Amino acid sequence: MLASLPLAYLVLRTVGAGFGEVLDVVWRERTLTLLVRSLSLAAVVTAASLVLGVAWAWVVTRTALPLRRWWLVLGALPLAVPSYLAAYAWISLAPSLPPFAGSALVLTLVCYPYVLLPVAAALTRADPGAEDVARSLGRGPVVTFVSVTLRQVRPAAVAGGLLVALYVLSDFGAVALLRLDTFTRVIYTSYRAGFDPVPAAVLSLVLVLVTGVIAAAELRSRGRARQARLGSGVARRARAVDLGRLRAAASVAGMLTVAGLALAVPLGTVVWWLAGSSRGVDVGDVVSATAATVGLAIVAAALTTIVAAPVGYLAARHPSRVSGWLERLSYVGFALPGIVVALSLVYLGVRLVYPLYQTTTMLVLAYLVLFLPMAVGSIRAAVSATPPVLEEMARSLGRSPTRAFTSVTLPVITPGVLAGAALVAVTVMKELPATLVLRPIGTETLATELWSATAAGAFAAAAPYAAALVLVAIIPAGLLAVRTEVSQR
Amino acid sequence: MSTLRVRDVHKSFGSSRGGAAVVQVLRGTDLDVEPGSLVAVLGPSGCGKTTLLRLVAGFDRLDSGSIELDGTLISGPGVHVHPERRRIGVVPQEGAVFPHLSVSANVAFGLARQGRRARVEEMLDLVGLAGLGSRMPHELSGGQLQRVALARALAPRPALVLLDEPFAALDTALRASVRSQVREAIGAVGATAVLVTHDQEEALSVADEVAILFGGRVVQHGQPMSVYSRPATPEVARFLGDAIVLEASSDGTHAVSALGSVRISGATPGRGHVVLRPEQLVVLPRGGGGVAGDVVSTEFFGHDALVTVSLGAHTLVRSRMLGAPHHLAVGTPVSVFVKGEGTYFADPSPDGVPAAMMRG
């Protein structure tokens, strides 16, 4: 299993280092501080994203607000903003932003769509009958929302929250720019500075353990409930809640504020940079970087989807110890900082498969390891929403198992599979550290050009790349939101 | 037109691994379905109806026993014909209409390319959905979806059609009309069919024959009228509808119970129980003859009514009468008469079971 390669590398490195040295690193006071800081950042951002994402999802699925689909799309667009671009914009706007609060703010603003999209989909699917029953049993609307509606969307919210927590634990760009020492930043500096790779490897391993605990908790909370359900007849839609003018205005103001902070700040900054640089932009460079970015994103999304398909299918259809572990294993890469995955692949590439070193293949493999869980998650959700009886019907009508799968299950799950691919594509476009380390010589993507320009303080030069990056990333992000089904009545 | 023969089929679920309990669902099930007939497999929830159906369809493998279709072994020791090679159509409980295909495409799913369009039109006509072929499933009502599922199952001219509680999700008014349409559609194509249900009214009204499945075994199999009037056990009698079960003693031709002497047939002398249906009791204001009693309660259903009569200290019986019980207010002294024969069950041992049993 490719996803576990970096893990194997870390274990090898740590074991090779000897017990004493490892203990030395682990028991440093600094390690504990790092752990507490990284975990609190992850907790704060996850909690804030859950509140923001669930509230936004409720407004766009259950209220009578006009243009709800477009509010959903607006809510999803911050997916297209890389965390380091958002961080840069905020620093230039408010240079004295405190590191922890600043990181929490920036990460929440780029992460809450990971909660919004699955929860909006789950709210649309949830059976409003249960809510009616709760009301008839004497629960008020607020208590009903907490005790029934939230329960119904809990799997979706928890899955989204897991993505947010893992994203925060492995994010590098935002914390690096805001100078907050978390695991990733310390691992990165010790890799870059050190001839001794052991401390970084040990710290990475601690980070992987933390991730493992979080992922296991998510798996447990998912429980044994199967979600497949066939409605007979016209699906009942929840009655739209009329917010009244005051609360509707408050919701709109809230959404506009968040969208302003998450979108207008970074985009405004880019436009301001652009305005300051009427000269010196090489259009050819921008075009070739855009082409490289889009090409890599498409190839990586396709490959990741192909690899994720059997894992997600097994996890949904044949839940067993093996499929459960397989799925958990695929989460490993996502929790690892991109830099760790990249360097472990460099290590393997140089020693074992030299011809692959610094090729596009190697880079795509790194993306695969990093973002497999996104694709696995969407495919699992899509498959478990497809009742097995459909395949049995196809069999009884004369189709072989393979043809039953291709003619019934596949078309039904395709939207979910494409959503996973779009999510991978948008994330690959924004990915920075692995791309920096593994890109073939001479290949520049929008992310690397943006990074090198901003690192050199050349804002004007960075602007066109930033603009191009957000523009191409908005396509898959918008697709994701448009695809999310929201009742229009 | 095909013959289905199920012989001594066993099926258990749950593995011995991990300490999970093994549940025996079918324990020696036999079933015969003659060509062109519609047999209802009737039983309470959890009796193994759906398991039996899935084994016949080939979705699951049996543990032992055999299933033959037209003399060909399709399930047996070491033999398992895949579902796609059995030519058995299935209409599942939820319909399971393919959500991504139009109504026409659903019906055409099991058809070869040649002559497909004509057959789809013919089937939609048959189930009363002509003109709705281009609709998508989410635009149909529950009853319409159920009929699409039926048309889809019948279109490839299967040897046998299996229906798994196909009317359970429909409301009462719709259920009766869909039920008769389904029976007509199956009759029109001359298919052999097995209907699985827990609804005795449905089984008795639709099927040519009824097989009663209790605890994984077929305990009785026969025509609806004979199964209803000659139940094989008191449990079957209660399951098929309201039954009056009274302690009785038999002299071979008559059973004497709290309702007096009731004609029975084919019984050995001794102690046992006699079973009667509420519609066999006639309740009149107290006069000459019959058994004396008092009206305890009445339930009025519109077309008919149930009158509960106390025959003394501990015995209550129910009578079903047409129309309204105007003349039978609570407390009215009445005489009870019995029409027709009772069904008599001899006790297995001399010491009997509790006194009067009644089921509402």
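**Note on a helix of chain A and a sheet of chain B**

1. Helix α7 of chain A covers residues 113-125, and because its 13 residues at 1.5 Å a residue should span 18 Å, the 18 Å between its end C-alpha atoms agrees with expectation. The expected span is 1.5 Å times one less than the number of residues, and helices are DSSP runs of H or I with at least four residues, while strands are runs of E with at least two, numbered from the N terminus.

2. This is a predicted model, in which local features need pLDDT of at least 70 and side-chain atom pairs count only at pLDDT 80 or more, whereas totals for chains, interfaces and linings use all residues. Residues are numbered from 1 along each chain as its sequence is written, chains are lettered from A and ligands numbered from 1 in the order in which they are written, and side-chain values use heavy atoms, leaving out hydrogens and water.

3. Eleven of the 13 residues of α7(A) are buried, so the helix is largely enclosed by the rest of the structure; buried means under 20% relative accessible area (1.4 Å probe, protein chains only). Among them are Tyr114(A), Leu117(A) and Leu123(A).

4. Chain A as a whole has 22 helices and zero strands, and 53% of its 489 residues count as buried.

5. In chain B, five strands form an open, antiparallel sheet in the order β16-β20-β17-β18-β19, with β16 (281-285) and β19 (316-322) as edge strands that each pair on one side only. Strands pair if DSSP finds at least two bridges between them; β17 (residues 291-300) and β20 (residues 333-338) of chain B have four, and Gly293(B) has Val334(B) in β20(B) as its bridge partner.

How values were computed:
Buried < 20%, exposed > 50% of the residue type's maximum accessible area, 1.4 Å probe, protein only.
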